[in-house]
Amino acid sequence: MSETHAASYAAAGVDIEAGDRAVELMKEWVKKTQRPEVLGGLGGFAGLFDASALKRYERPLLASATDGVGTKVDIARQMGVYDTIGHDLVAMVMDDIVVCGAEPLFMTDYICVGKVHPERVAAIVKGIAEGCVLAGTALVGGETAEHPGLLGPDDFDVAGAGTGVVEADRLLGPDRIRTGDTVIAMASSGLHSNGYSLVRHVLLERAGMALDTQVAEFGRTLGEELLEPTKIYSLDCLALTRTTDVHAFSHVTGGGLAANLARVIPDDLHAIVDRSTWTPAPVFDLVGRTGDVELLELEKTLNMGVGMIAIVPEEASDVALATLADRGVEAWVAGEITDRGDHATGAELVGTYSG
């Protein structure tokens with residue numbers, strides 16, 4: 001008779017002890033994100049947030065969002081760099097929330113791995129925690145799931161969900177926008193976390209570039225450029241709402257600048273953005289030139305150097321630019337709001353990029 005062995009979770013590829021060690025390693029980073037409203041510690045079944053803090057609002061509206069970072073995680077895996085991808089995750093979630101004028105309150109994360117490497121998981125959480133600090137939000141909990149057989153030992157993915165709050169009469173959006181308003185662009189830190197399927201296809205697959213290739217225009221390697229963390233604008237946008245009359249924000253993510261801006265433009269108005277007001281970073285030119293990608297296709301996929309848009313009354317533009325400059329945010333007047341007229345869409349890019 002052949003020898004048989006009892007089945008076990010460990011034999012199936014799930015290491016509970018490694019998961020416990022990962023939790024211990026991440027605790028110090030999660031602690032750095034805590035706000036006074038957070039109750040309890042890491043390890044409970046649910047994160048607790050004291051909702052009595054919302055009593056100061058007359059009519060509090062809760063805003064929520066969820067997102068991931070797409071195939072940028074594959075660049076992190078190949079580079080063996082895990083402590084920046086969390087910045088991207090926080091940015092993708094919390095900068096969606098702040099668009100309506102909401103203050104980020106708390107966030108949870110989900111990390112799925114093929115095999116738990118405790119230090120690697122802790123590095124991912126470290127990045128998420130650092131991002132939460134930059135966004136002014138608490139990381140109240142999360143989940144690390146091990147999926148052997150479905151993911152390779154080094155494969156992983158991340159996702160997150162967040163909640164914010166805004167006073168009902170301070171809700172930002174299309175209803176506030178008027179003809180003559182100014183479109184203010186805030187510079188992106190690079191590709192952010194969208195379009196990596198195109199970027200990887202063009203640069204890594206078709207052109208065969210290695211991630212350790214030194215690129216003169218970048219002043220660093222290709223991999224370092226592609227892993228540049230997404231700019232987190234949450235606190236900058238909230239500062240703007242305190243110093244001037246903001247009518248709307250638009251977070252430039254998948255779909256590009258024009259499509260995301262159009263999402264906050266009312267049906268009877270039109271946003272015109274002038275390309276000549278900025279020069280996209282070299283990485284955008286490299287993708288377009290290497291892959292022979294048409295400009296409109298690039299603009300539908302990548303942010304082209306603009307990560308966030310603020311729409312303010314024309315007379316408020318100087319104060320808005322000064323506020324952002326004081327916070328170290330590169331920003332400029334990029335366009336204006338006009339009547340819709342015969343335009344088929346809510347926003348368009350005109351002119352030619354500077355440089």
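**Reading the model, feature by feature**

Guide: Let's begin with D292, which counts as exposed at 69% relative accessibility. Exposed means over 50% relative accessible area, buried means under 20%, and partly exposed is in between, using a 1.4 Å probe and protein chains only. The model is predicted: local features need pLDDT of at least 70, side-chain atom pairs count only at pLDDT 80 or more, and totals for chains, interfaces and linings use all residues. Residues are numbered from 1 along each chain as its sequence is written, and side-chain values use heavy atoms, leaving out hydrogens and water.

Visitor: Where is D292 found, and what is its phi?

Guide: Most residues other than glycine have a negative phi. D292, though, has a positive value near 50°. D292 is in the loop between α9 (282-291) and α10 (295-301). Those labels come from DSSP runs numbered from the N terminus: helices are H or I runs of at least four residues, and strands are E runs of at least two.

Visitor: Is H192 buried or exposed?

Guide: H192 has a relative accessibility of 2%, so this residue counts as buried. H192 isn't a glycine, and its phi is positive at about 60°. You'll find H192 in the loop between β7 and α5.

Visitor: How many helices and strands does the protein chain have?

Guide: There are 11 helices and 14 strands. Of the 355 residues in the chain, 52% are buried. The accessible surface is about 16300 Å², with 51% of that belonging to carbon and sulfur atoms. Those areas come from the Shrake-Rupley method with a 1.4 Å probe, and for residues only the protein chains shown count as cover.

Visitor: How do I read a nonpolar core?

Guide: In soluble globular proteins, nonpolar side chains tend to be buried together. A nonpolar core is a set of buried Ala, Val, Leu, Ile, Met, Phe, Trp, Tyr and Cys residues joined through side-chain atoms within 4.5 Å. Here the largest one has 76 residues, and F156, L226, L261, I265 and I311 have the most contacts inside it. Apart from that core lies another of 18 residues, among them L240, F249, V312 and A316.

Visitor: Which residues are in contact with I311, leaving aside its neighbours within four places in sequence?

Guide: Contact means heavy atoms within 4.5 Å. With those neighbours left aside, the contacts of I311 include I177, D181, V246, L261 and I337.

Visitor: What about a residue in a loop, say L172?

Guide: L172 sits between β6 (156-167) and β7 (182-187). Its relative accessible area is 11%, so L172 is buried. L172 and C100 are 72 residues apart along the chain, yet their C-alpha atoms are separated by 4.7 Å. Beyond neighbours within four places in sequence, the contacts of L172 include V99, C100, T241 and F249.

Visitor: Why is helix α7 described as largely enclosed by the rest of the structure?

Guide: Because 7 of the 10 residues of α7 (residues 234-243) are buried. They are S234, D236, C237, L238, A239, L240 and T241.

Visitor: Which parts does helix α2 pack against?

Guide: The buried residues of α2 (residues 72-79) are K72, V73, D74, I75 and A76. They pack against α3 (85-97), β6, α5 (196-206) and α6 (222-226). Just after α2, G80 takes a positive phi of about 70°.

Visitor: And how do I find empty space inside?

Guide: Rolling a probe the size of a water molecule over the atoms shows where empty space is left. A cavity is a set of points, on a 1 Å grid over the protein atoms alone, where a 1.4 Å probe fits but cannot get out; lining residues have an atom within 4 Å of a point. The search of the whole structure finds 1 cavity of 30 Å³ or more. About 50 Å³ of space lies in the largest cavity, a volume being the space filled by probe spheres set on the points.

Visitor: Which residues line the largest cavity?

Guide: Its lining includes V113, K115, R120, D154 and F156. Helix α4 (residues 118-135) gives the largest share of the lining, 3 residues. By type, the lining has 5 nonpolar, 1 polar and 4 charged residues. Ala, Val, Leu, Ile, Met, Phe, Trp, Tyr, Cys and Pro count as nonpolar, Asp, Glu, Lys and Arg as charged, and the others, Gly among them, as polar.

Note on methods:
1 Å grid on protein atoms, 1.4 Å probe; cavity = no way out; pocket = protein on both sides within 12 Å on 5 of 7 lines; lining within 4 Å.
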